[in-house]
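Reader: I would like to learn how to read this model. Please take me through it one feature at a time.

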Amino acid sequence: MATEIQFGDDTQANNNLVERALNGEVFVIRGAHDRFKLFDTLISTSVDGIRKGAGDEVARRAETEGFQHIHDWVAPADIPALTDAVYEAIKPLAPAFLKQFVKEAFPTAETLYYEETPNVRFHIPYDLARAQKDSFKSFSKNYGEGKITAHGPHRDSWLDCPSNGVNLWFAVGPVRKGNGLTVYQSDYNGDFVYKESGDIAEGEKLQRPMTFDLAPGDCVMFHTDQVHGSELNRINETRFVISFRMSFGKPVFPNRHFHKYVNADMMETPLEFLARLPAMMQPSFVRTLPWRLRERLSPSPKKEVIAAPPEEIGVERDGKLYVPIKAAPVGAIRGVNPALCVARLSDNEAIAVTRRCPHSGGDFANGWVHKGAITCPWHNLPFDAETGRSPCKTLAQIRRVKCEIIGDEIVIDPTAIEVASQTS
Ligand code: FES
Ligand SMILES: [Fe+2]
């Protein structure tokens with residue numbers, strides 16, 4: 001469970017929030033924008049960016065009707081240009097915004113260092129974004145995943161962010177469960193294999209993450225070492241978020257040191273031109289210099305990493321597959337063979353479905369059953385157990401085959417199809 005912090009006029013700022021976040025607590029900070037009078041600036045700067053990226057009319061409507069409707073006025077193909085323009089507008093705001101937020105919310109924290117470029121995140125409904133898959137992918141090559149595409153479960157520390165960093169993830173428009181952030185807090189200390197892309201490796205099993213309903217101005221704070229990611233946007237609202245990464249005291253880079261962090265006290269002073277130096281003056285920067293040079297001259301191809309071979313607990317006899325009922329407790333999904341997994345919905349019911357998620361191949365055997373739905377572990381997308389459909393209408397249904405509980409076994413007939421895969 002996330003810890004809720006509600007800032008009101010008479011709330012005393014809590015001094016050890018950062019320390020607690022660095023020890024694995026996840027905070028939802030509400031009301032900070034009213035108390036600190038900061039949010040209006042974030043809104044007006046975002047609107048300026050939207051005006052530059054999409055014109056006066058869109059900016060006016062976004063400001064008056066809400067950012068969650070942006071996809072009604074901006075074509076999916078224009079979302080990268082819009083995001084670009086908001087990036088440009090927001091970057092100069094970061095020094096003053098963060099300095100004031102931190103001073104008010106974490107008054108005893110050490111010197112603030114922050115990543116020079118904040119992250120602007122527009123996630124339009126997936127069914128609209130899907131047709132732009134290629135252009136959104138190439139945008140992600142420059143800006144990283146999670147800005148206009150869903151980012152799979154990862155730790156920022158796997159992407160070489162500081163190990164003593166926190167994320168402040170601000171809802172600019174409303175964020176709902178179904179289009180927001182996932183934080184796999186139960187897996188905070190888990191030992192995971194990850195791919196060079198920074199995503200969790202194939203074969204890793206995750207526990208159900210926390211998700212959030214946020215009003216504009218609310219913010220989630222979590223350690224860069226939390227496994228987190230994006231929900232595939234399954235609702236008819238655009239979510240607009242701006243997030244910042246920072247450390248208190250110099251950022252610590254246990255692996256490769258290439259992210260640029262500035263000393264907040266030097267920003268907007270005559271010494272601003274030196275603000276990057278303190279974070280760079282560390283052995284980690286020197287140690288990884290040859291790697292940075294090599295990457296600049298000829299970037300190395302990424303290797304795919306597999307944590308473990310896919311789980312296959314089904315035993316085949318006479319064309320049917322058998323799974324001991326004890327191996328699939330209620331709520332669990334287990335891999336049966338390369339094509340199928342079994343999900344235990346209740347004491348008396350189990351279903352067998354296609355194993356790979358039609359979005360981008362997440363293995364349902366590493367997911368979970370929640371509210372009767374088979375949930376993909378990568379972007380927290382639920383598929384109805386009855387119909388095989390997800391709320392994303394452009395994705396294929398998952399196929400279901402005949403499955404029964406007989407005695408102490410689950411018996412699956414892979415040839416008896418009950419729900420066939422098909423796109424609507
Ligand atoms: S929801 Fe993205 S891979 Fe399943
Ligand atoms: Fe991240």
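Author: Start with confidence. pLDDT is the predictor's confidence in each residue, from 0 to 100. The chain has a mean pLDDT of 91, and 96% of its residues reach 70 or more. This is a predicted model, in which local features need pLDDT of at least 70 and side-chain atom pairs count only at pLDDT 80 or more, while totals for chains, interfaces and linings use all residues. Residues are numbered from 1 along each chain as its sequence is written, and chains are lettered from A and ligands numbered from 1 in the order in which they are written.

Reader: Where in the chain is confidence lowest, and where is it highest?

Author: Elements first: helices (H or I, at least four residues) and strands (E, at least two) are DSSP runs, numbered from the N terminus. Confidence is lowest in helix H2 (residues 32-36), with a mean of 73. It is highest in strand S6 (residues 181-183), at 98.

Reader: Which domains does the assignment give?

Author: Domain bounds come from an automatic or database domain assignment. Here it gives domain 1 (3-297) and domain 2 (315-419). Their centres, taken over C-alpha atoms, are 34 Å apart.

Reader: How many residues of each domain are in contact?

Author: Two residues are in contact if their C-beta atoms, placed from the backbone, lie within 7 Å. By that rule, 19 residues of domain 1 touch 15 residues of domain 2. On the domain 1 side, helix H8 (126-129) and strand S8 (228-230) each give two or more residues. Now classes: Ala, Val, Leu, Ile, Met, Phe, Trp, Tyr, Cys and Pro count as nonpolar, Asp, Glu, Lys and Arg as charged, and the others, Gly among them, as polar. The domain 1 side has six nonpolar, five polar and eight charged residues.

Reader: At what angle do the axes of helix H3 and helix H4 cross?

Author: Axes are lines fitted to C-alpha atoms, for helices over the stretch in contact, and angles run from 0 to 180 degrees between N-to-C directions. H3 (residues 39-54) and H4 (residues 56-65) cross at roughly 150°, and their axes come within 7 Å. H3 contributes Val 47, Ile 50, Arg 51 and Ala 54 to the contact. H4 contributes Asp 56, Val 58, Ala 59, Ala 62 and Glu 63. By class, that is six nonpolar, no polar and three charged residues.

Reader: In what order do the seven strands of the open sheet lie?

Author: Strands of a sheet pair through backbone hydrogen bonds, either parallel or antiparallel. Two strands pair if DSSP finds at least two bridges between them. The order is S11-S12-S20-S19-S15-S14-S13, with antiparallel pairing. Strand S11 (315-317) and strand S13 (333-335) are the edges. Strand S19 (residues 400-406) and strand S20 (residues 409-419) are joined by seven bridges. Ile 405 stands opposite Ile 410 in S20.

Reader: Why is one side of strand S16 and of strand S18 left without a neighbour?

Author: S16, S17 and S18 form an open antiparallel sheet, in that order. S16 (368-370) and S18 (382-384) stand at the edges with a single partner strand each, so one side of each has no neighbour in the sheet. Three bridges join S17 (residues 373-375) to S18. There, Ile 374 stands opposite Phe 383 in S18.
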